[in-house]
Structures are given as structure tokens and as C-alpha cells.
Amino acid sequence: MNKRPFLTHEQALSIMAQYPTPFHIYDAKGIQANMAAFNDAFRWNTGFKNYFAVKATPTPAILRILQAEDSGFDCSSLTELALMEKLGISGEQIMFTSNNTAVVAFKKAREMNVIINLDDLNHLTYLEQHASLPDVISFRYNPGTLKSGNTIIGHPQESKFGITKGQLFEGYRLAKDKGITRFGLHTMVASNELNHAYFVETAVLLFELIAELSSQLGIHFEFVNLGGGLGIPYRPDETAVDLQQVSHGIQQAYRQIIVANGLPDLRLFMECGRFITGPFGLLISKVQHVKQSYKTYIGLDANMNHLMRPALYGAYHHISIFGKEGVKPQDEVDVTGSLCENNDKFAINRLLPHLDVEDIIAIHDTGAHGHAMGFNYNGKLRSGELLLKENGTIVEIRRPETIEDYFGPMKF
């Protein structure tokens, strides 16, 4: 696959005349179409909803695009709940999936009447003591050795998230004894997975578990949340997940397990974030310095506080150079920021066309877990965010931070 930016060189120059680099920019048309296609793929399931992982891109303008496509929203913190409230979104449009949860966050979740997905068996009683019990209870299941994980999320048996199968039976039994009659089940066991069969296997695991829980405890499940984790092809040689194959495999499993066992209709939920917005974001930066020492270092005006994934995971992000699209890669370089940390690198030993100061760089696939993971180490300021609208106009949807912003909370 030939990865190309959704901006042309001319567009980038025009935007930079008004908005200095670095900045993140998103393609509204791409995000909208992708969300619509996602919904369409699962239209066979009445009540299907993807609860977009707010942590991936907690930017109001992006969340509004998704809301217009009937997206739900997965929140994991008090602040994310408050963000939803500010956008006028509440109730069962939100699923609150948190861990090691503070009382104040549970209270806010109850105030907004969202679906609460419990990560700890003890949290059922904790919730009752410090807030109140909701109408619907869902637990996050950790399948342990029954499922393999991957590099980003780790192996389930080593994960701090979720509860065991035995704890599930105990939890739902206790919830039933407390008078709760509405139930859901959730898991999240992979991140950025490209194998469509992985998600079908997860669905089979949960459908079979629901059949077992329903039979033994005499309860009915309203929904099952298969989690997120659908990956995107960060590398040019990777193949995108075939959404139709994922949907068809899950539909077959639904018929063979849920329908065949005479269980009530089950609403299918997911919580994909990266898959929805990831490919439709770019980090635009300029070459600030070219340094020759033991290696060639291409120093950008962006740093890992603008895109943390390469430093955190060793993650690959493709790099394009505007104006040199047809130039053969010939220089092996490290592409770096200016933080006082040696892992402040966007690429290591990457073959790129010859680069000069002032060349414009597009770092691909930053539409999720890009700006959201920003930080202020070394006093570096977070960039702004721009939106390329369907009509081709550019709007600023988050201004860049200023030094005054950085000083704001400080007491001098």
C-alpha cells in the first residue's frame, strides 16, 4: 500500500501560512465515512453501537462528527465524563469503563446515569456504599490464558484489568440478589490487532460465556461489549482489517450460540477508537536542523510530547515529505524531537529521501492516541488541532498552548 497524506503540498503550505507547525490535522470526511461504514457493517444486529474510546481523541469537534453518526462514547475518567456532559451527552450513550476508580468518578457516572462497566468484583459493593446501584450492571471479563494478548496491551493473565470467570459468576449472582435485572458483559483483550479472526474468537468466547451464565444464574443479558482493538495498517506493507469478514464471522457465531440456545436478542457493542479516527490524522512538522555525528539526525520542530507512541511502544508511524513524493529513499536517518531524552524519536534508522532544513514532514495515522497523549516535560507546549472540513476549508478546533497556559496553575 502506498501511504499518502490526505493533504497536498499546496494545501500544507497554505495552512502553514496561517497556522505554524507543528499541528495535528484531521480529515472530517474520512472520519464520517469510516464511522458510517462501521455502523453499516453491523446493521444485522438491532441495537449495535460502537462506543468510541474518548481517550483516543478527546476533541469536541471530532466527537461531534461521531455523535452525528450515532456513535456512543466510552469514558474512562471523571474528566472524560465531564467532557461528555459539556457536549450534552449522557445516559446510555456513554459506557464508563474505569479501573481503580475514585468515588467522585462513580458519583458522576451515577449522576449522568451512564452504563457502568465494573473492573473489580468489589466495586459492586463499593458503588452501592458510596454512590448508588445503577439499573444495569456489566462486568469486565479477563479471560486469562484463554486468550493471547499483544505488544501494546500485554497478555490478559498479566493485566490489571477485569475479573476472572469465577468472579463473574459471583458478581452477577450478587447483583441479582441486590435486585438488579439488567445485565451486560464486556471484555477488552487486544489493541491494534489486524487479524479479523481474533475478534470472531473473542465473540465466540463471550457468547458461550453468556449462555453459561444465563443458564446457571437465571439472568438475561441485554448487551455484550466485545471491546475495541481493531487495528490500522501503520506500515505500508500491512493490510487493513476486513470489517465485513469481522462482522460476518461474529454474525455466524451469534446464530450458532445465541440464537441456537434460544437466548433473548443481544445488542452488540464495541469500543473502537483507533480504527475510527486513527488513519485520518496527520502530525505536520518542519525540519529544524540536520545533524551529522555518528548518525544523521533529522531534527523536527515537533517532539514526542506531540506524538508519544514511537517512544512509548517503539511504534511505527509512516513519514511523508511534501514536495519529495517521487524521490527515492536514500538516506538512513533518525527523525528526532528536541526533548532531553534519547527516546525522543519518531523514527530510527529509517530510509527517507534526502532532507533539508525547512522541508515539511507529514507523520501519518495520528488521528488517535496522538495529541491525546501529549505532555509538558521540558516545558514543551502541546500543539493545536485543525480540521479539514468536507468543503475543503480549515478550522482550528484546538488552539496551541502558550507559555501563559503552562504557567497558569503555578504559584510564583
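This is a predicted model: local features need pLDDT of at least 70, side-chain atom pairs count only at pLDDT 80 or more; totals for chains, interfaces and linings use all residues.
Student: What makes the strands 2-3-4-5-6-7-8-9 a barrel?

Tutor: The 8 strands run 2-3-4-5-6-7-8-9 as a closed barrel, with parallel pairing. From one strand to the next, the twist averages 25 degrees.

Student: How do you know that strand 4 and strand 5 pair?

Tutor: Pairing requires at least two bridges found by DSSP. Strand 4 and strand 5 (residues 115-118) are joined by 3 bridges and run parallel. They therefore count as paired. Met95 has Ile115 in strand 5 as its bridge partner.

Student: Which residues of helix 4 are buried?

Tutor: In helix 4 (residues 78-86), they are Glu80, Leu81, Leu83 and Met84.

Student: Why are they said to line one face of helix 4?

Tutor: Look down the axis of helix 4. The buried residues fall within an arc of 155 degrees, so they line one face. On the other side of helix 4, Thr79 and Lys86 are exposed.

Student: What do the buried residues of helix 4 pack against?

Tutor: Their partners are helix 3 (60-68), strand 3 (72-75), strand 4 (94-97) and helix 5 (103-111). Just after helix 4 comes Gly88, with a positive phi of about 75 degrees.

Student: Why are helix 5 and helix 6 called roughly perpendicular?

Tutor: Two packed helices are described by the angle between their axes and the distance between the axes. Here, the axes of helix 5 and helix 6 (residues 123-130) cross at roughly 75 degrees. They come within 10 Å. The class roughly perpendicular covers 65 to 115 degrees. Helix 5 and helix 6 are therefore roughly perpendicular to each other.

Student: Which residues meet in the contact of helix 5 with helix 6?

Tutor: Helix 5 brings Val103, Phe106, Lys107 and Arg110. Helix 6 brings His123, Tyr126, Leu127 and His130. By class, the contact has 4 nonpolar, 2 polar and 2 charged residues.

Student: What makes strand 10 and strand 1 antiparallel partners?

Tutor: Strand 1 (residues 23-27) and strand 10 (residues 281-292) share 4 bridges in the antiparallel sense. The cut-off is at least two bridges, so they count as a pair. Ile25 stands opposite Leu282 in strand 10.

Student: How many bridges join strand 10 to strand 15?

Tutor: Strand 10 pairs with strand 15 (residues 360-363) over 4 bridges, in the antiparallel sense. Ser285 stands opposite Ile361 in strand 15.

Student: What joins strand 10 to strand 11?

Tutor: A hairpin does, through 3 residues. Strand 10 and strand 11 (residues 296-300) run antiparallel and are joined by 5 bridges. Gln292 has Thr296 in strand 11 as its bridge partner. Val290 has Ile298 in strand 11 as its bridge partner.

Student: Why is strand 11 called largely enclosed?

Tutor: Count its buried residues. 5 of the 5 residues of strand 11 are buried, so the rest of the structure largely encloses it.

Student: Which way do the residues of strand 11 point?

Tutor: In a regular strand the side chains alternate between the two faces of the sheet. In strand 11, Thr296, Ile298 and Leu300 point one way. Tyr297 and Gly299 point the other way, and all are buried.

Student: How many bridges pair strand 11 with strand 13?

Tutor: Strand 11 and strand 13 (residues 331-336) pair over 3 bridges, in the parallel sense. The bridge partner of Ile298 in strand 13 is Val335.

Student: Why does Asn192 count as buried?

Tutor: Its relative accessibility is 19%, and buried means under 20%, so Asn192 counts as buried. Asn192 lies in the loop between strand 7 (182-187) and helix 8 (196-217). Its phi is positive, about 55 degrees, although Asn192 is not a glycine.

Student: Why does Asn378 count as partly exposed?

Tutor: Asn378 has 35% relative accessibility. Buried is under 20% and exposed is over 50%. The value for Asn378 falls in between, so Asn378 counts as partly exposed. Phi of Asn378 is also positive, near 65 degrees, in a residue other than glycine. Asn378 sits in the loop between strand 15 and strand 16 (384-388).

Student: Which peptide bond is cis, from Thr21 to which residue?

Tutor: The bond from Thr21 to Pro22 is cis, with omega near -5 degrees. Pro22 is in the loop between helix 1 (9-16) and strand 1.

Key:
Residues are numbered from 1 along each chain as its sequence is written. Side-chain values use heavy atoms; hydrogens and water are left out. Buried means under 20% relative accessible area, exposed over 50%, partly exposed in between (1.4 Å probe, protein chains only). The arc is that of the directions from the helix axis to the C-beta atoms. Contact means heavy atoms within 4.5 Å. Axes are lines fitted to C-alpha atoms, for helices over the stretch in contact, and angles run from 0 to 180 degrees between N-to-C directions. Angles under 35 degrees count as roughly parallel, over 145 as roughly antiparallel, 65 to 115 as roughly perpendicular and the rest as oblique. Ala, Val, Leu, Ile, Met, Phe, Trp, Tyr, Cys and Pro count as nonpolar, Asp, Glu, Lys and Arg as charged, and the others, Gly among them, as polar.
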